[in-house]
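Here are my notes for you, written as numbered points. Keep the structure open while you read, and find each residue as it comes up.

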Amino acid sequence: MNLSVRRSIVLWYTVWMIVLIAIVFILIFSGSGYVMERRTKASVIETVNEAVDTITGDDGHIDYDDIDFRSGGVYLALFDSEGFRIAGMMPDDISYRPFSEGSLQTVPGRNKSWYIYDSCVPDAAGNRIWVRGVINSYDMSAMLSSIQWVIILVIPLLVALAVSGGYLIVRRSFRPIDRLIDTASGIAAGDDLKKRIGLGEGNGEIYRAASAFDMMMDRIEESFRKEKQFTSDASHELRTPISVIMAEAGYAKEHPDNAGKSLDVIISQAGRMSSLVSELLYIARADKGTLKIEKEDVDIGELVVMTAETMSDRAAERGISIECETLPDLVVPADRDMIIRVLINLISNAVTYGRDDGHILIKTEKEGGYAVISVKDDGIGIGEEHLGRIWDRFYQADSSRSSEHGTGLGLSIVKEIVRLHDGFVAVESREGEGSVFTVRLPLS
Ligand code: ADP
């Protein structure tokens, strides 16, 4: 049987409620039955004893004028020692029973049973006078029949009320789950990632689940958007050099004597494509988690000086000087090639976006368990509106300058590599004044 949670809950507590009501009823009936039975027995004994006190005069004479022979449901009668009734009354459906001093007997009648209690007093002549009290035994079925309407009407009504009320409450509390299911199915069927459950603020688990679901959808939508953007940017970036190459190749074919310039363009565009493709591959491997990081002890200062050296010619073309202020023996466990890639990227950017005849300062420091590398230039800087986005793939704040040299992938690769090393990257920049890129790598 495959019941919904809603039905299972209602079924579960309905069954338990019925069981509980039954238990409560049984307890009430048996408890009150016990008490009533004791009271009935006590009342016949008490009545007989009171009658004995009343009829016994001081002089031994028996005087039964003051006796109420039918009080509180008890029949009283006086018998002589032969068993003949002297006074009082007995119920019709009770047959003669031998007398028994001081003991309570239960005697069956035609319709119901009776309790009989006898007590004996001597009269003035020394004969035994029997006082007999009789009362209806306590009858549970009579009580049950008197409240049968309560059992037949009220209890089912109570159960029905509780079940329908409970069902409504459960249904209401599960409504957000319906919304969650609808939203999830809507997303699955219609491919609309914008759908949200939108339950708003609330403390319950369902509210928390819904808000977690919405947050998850925000992330998924964002990463889908980025993925789409990435694919479209990648194809755009690849299409441009391909078009240029095709156009130049066509021109070179038409004008073989004048092909030198076209071939230069083709070579530069092919180089651009090659570096773009290798960066794309690098990113794809990083995304797949297959980028192998092989850590060794790397002397950061040494690496900085070496990388700066390789960039110095390019910097010199624009009159930019590169200065290194490095800390000796600053060793971190890192993947050497990856750190070189980071340094090349940051220094190359500092040169590209640096000011003609400007200055680049590369510093290494130690700070709170981290090796800190900072690359400072006095170039064009980055506008505040671009600062948060320069780490995105293909994002270029100043496309006029960057498209000649870069692809817009460099900083996203830097960020990925530093993340793989459990480090941090940051940038501080002011438009027109320059930028400082800082990389922090853990020392151990
Ligand atoms: P690119 O290949 O275009 O340099 P990056 O990912 O390395 O791509 O950088 C992204 C963008 O960040 C660049 O296009 C540029 O606009 C900006 N940028 C990076 N470094 C600097 C810098 N030192 N000074 C100014 N702008 C920078």
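1. Start at the N-terminal end of α7, which is capped by Asp 335. A side-chain oxygen of Asp 335 lies 3.1 Å from the backbone nitrogen of Asp 337. Please remember that you are looking at a predicted model.

2. Now follow α7 along its length.

3. Next, turn to the ligand. It is surrounded by 20 residues, and the closest are Asn 349, Asp 377, Gln 396, Thr 407 and Leu 411. By type, the shell divides into eight nonpolar, ten polar and two charged residues.

4. Look at some individual contacts here. Asn 349 places a polar side-chain atom 2.8 Å from an oxygen atom of the ligand. For Tyr 353, a polar side-chain atom lies 3.0 Å from an oxygen atom of the ligand. Ser 435 has a polar side-chain atom 3.4 Å from a nitrogen atom of the ligand. As for cover, the ligand has 530 Å² of accessible area on its own, and the protein covers 97% of that. Which elements give two or more residues to the shell? They are α7 (336-352), α10 (410-420) and β13 (434-442).

5. Step back to the whole chain. Its secondary structure comes to ten helices and 13 strands. The radius of gyration is 52 Å, well over the 22 Å that the globule rule gives for 444 residues, so the chain is more spread out than a compact globule. Along the principal axes, the C-alpha atoms fill a box of roughly 165 × 55 × 35 Å. Of the 444 residues, 35% are buried.

6. Finally, have a look at α1, which runs over residues 5-55. From its first C-alpha to its last, this helix of 51 residues reaches 74 Å, close to the 75 Å expected at 1.5 Å a residue. Its buried residues include Arg 6, Val 10 and Thr 14, as well as Phe 29 and Gly 33. Further along α1, Val 44, Thr 47, Val 48, Ala 51, Val 52 and Ile 55 are also among the buried residues.

Technical notes:
Residues are numbered from 1 along each chain as its sequence is written. This is a predicted model: local features need pLDDT of at least 70, side-chain atom pairs count only at pLDDT 80 or more; totals for chains, interfaces and linings use all residues. Side-chain values use heavy atoms; hydrogens and water are left out. A residue is near a molecule or strand if one of its heavy atoms lies within 4 Å of it. A polar contact is a pair of N or O atoms within 3.5 Å; within protein, one must be able to donate a hydrogen and the other to accept it, and residues adjacent in sequence count only if both atoms are side-chain atoms. Accessible areas come from the Shrake-Rupley method with a 1.4 Å probe; for residues, only the protein chains shown count as cover. Helices (H or I, at least four residues) and strands (E, at least two) are DSSP runs, numbered from the N terminus. Ala, Val, Leu, Ile, Met, Phe, Trp, Tyr, Cys and Pro count as nonpolar, Asp, Glu, Lys and Arg as charged, and the others, Gly among them, as polar. The radius of gyration is taken over C-alpha atoms; the globule rule is 2.2 Å times the number of residues to the power 0.38. Buried means under 20% relative accessible area, exposed over 50%, partly exposed in between (1.4 Å probe, protein chains only). The expected span of a helix is 1.5 Å times one less than its number of residues.
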